[in-house]
Amino acid sequence: MSPFTVLALLFALAFTAFASPVDTNGTALLEKRARTGRGTWFNVGLGACGKTNKDSDKIIAISSNIYSNGAHCDQKVKITNTANGNTATATVRDECPSCGSNDIDMSPSLFEELGDLDTGVLKVSWYFTD
């Protein structure tokens, strides 16, 4: 192997080590990757997280694939309507068994921050913030 190849390999390894997220407080790092899917709305009530909400609360239900038996209950989520750029923040309070993996179901008041209820379905991008 040439000296240039060795140097390039060492640089790549060092760069990878510095670019990797490091857990500094002993807890798992939060995944910050954005997900893109369909956003719909529903009339809320008692959710899978065990809390009762009203339609004016800014909450979402996430797919069963991501819900993980309530592991994300009460986590904050930032949502963007990819068509108009409107954004909103919500709290995970329910599971959506009929949603695709990256789809979310939103309370009516939350949906209205992003689009018109008559639209029924929005293309959204979202990620956990905490």
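These legends describe close-up views of a predicted model.

**View 1. Cys49 and Cys73 form a disulfide.** A disulfide is a covalent bond between the sulfur atoms of two cysteines. Here the sulfur atoms of Cys49 and Cys73 are 2.0 Å apart. The torsion about their S-S bond is about -85°, so this disulfide is left-handed. Cys49 sits in the loop between strand E1 (35-41) and strand E2 (59-63). Cys73 sits in the loop between helix H2 (64-67) and strand E3 (76-81). The pair therefore ties together parts that are 24 residues apart in sequence.

**View 2. How exposed are Cys49 and Cys73?** Cys49 has a relative accessibility of 18%. Buried means under 20%, so Cys49 counts as buried. Cys73 has a relative accessible area of 22%, so Cys73 is partly exposed.

**View 3. Cys96 and Cys99 form a disulfide.** Their sulfur atoms are 2.1 Å apart. The angle about the S-S bond is 80°, and the link is right-handed. Cys96 is buried, at 4% relative accessibility. Cys99 is buried too, at 14%. With this bond, the count comes to two disulfides. Number the bonded cysteines of the protein chain in sequence order, and the pairing reads 1-2, 3-4.

**View 4. The largest nonpolar core holds 19 residues.** In soluble globular proteins, nonpolar side chains tend to be buried together. Which residues touch the most other members of this core? They are Ile60, Ile62, Ile79, Ile104, Met106 and Trp126. Several elements give two or more residues to the core. Among them are the strands E2, E3, E4 (87-96), E5 (104-106) and E6 (122-128). Helix H2 and helix H3 (108-114) also give two or more. Strand E6 gives the most, with four residues.

**View 5. Ile79 and the residues it touches.** Residues up to four places away in sequence are not counted here. Ile79 touches Ile60, Ile104, Met106 and Trp126, among others. Further contacts of Ile79 include Ala88, Ala90, Leu110, Leu114 and Val124. Asn86, Thr87 and Ser125 also touch Ile79.

**View 6. A second, separate core has six residues.** Its members include Phe42, Ile59, Ala61 and Cys99.

Terms used: Residues numbered from 1 in each chain as written. Predicted model: local features only at pLDDT ≥ 70, side-chain atom pairs only at ≥ 80, totals over all residues. Heavy atoms only, no water. Disulfide = S-S within 2.5 Å. Buried < 20%, exposed > 50% of the residue type's maximum accessible area, 1.4 Å probe, protein only. Core = buried A, V, L, I, M, F, W, Y, C linked by side-chain atoms within 4.5 Å. Contact = heavy atoms within 4.5 Å.
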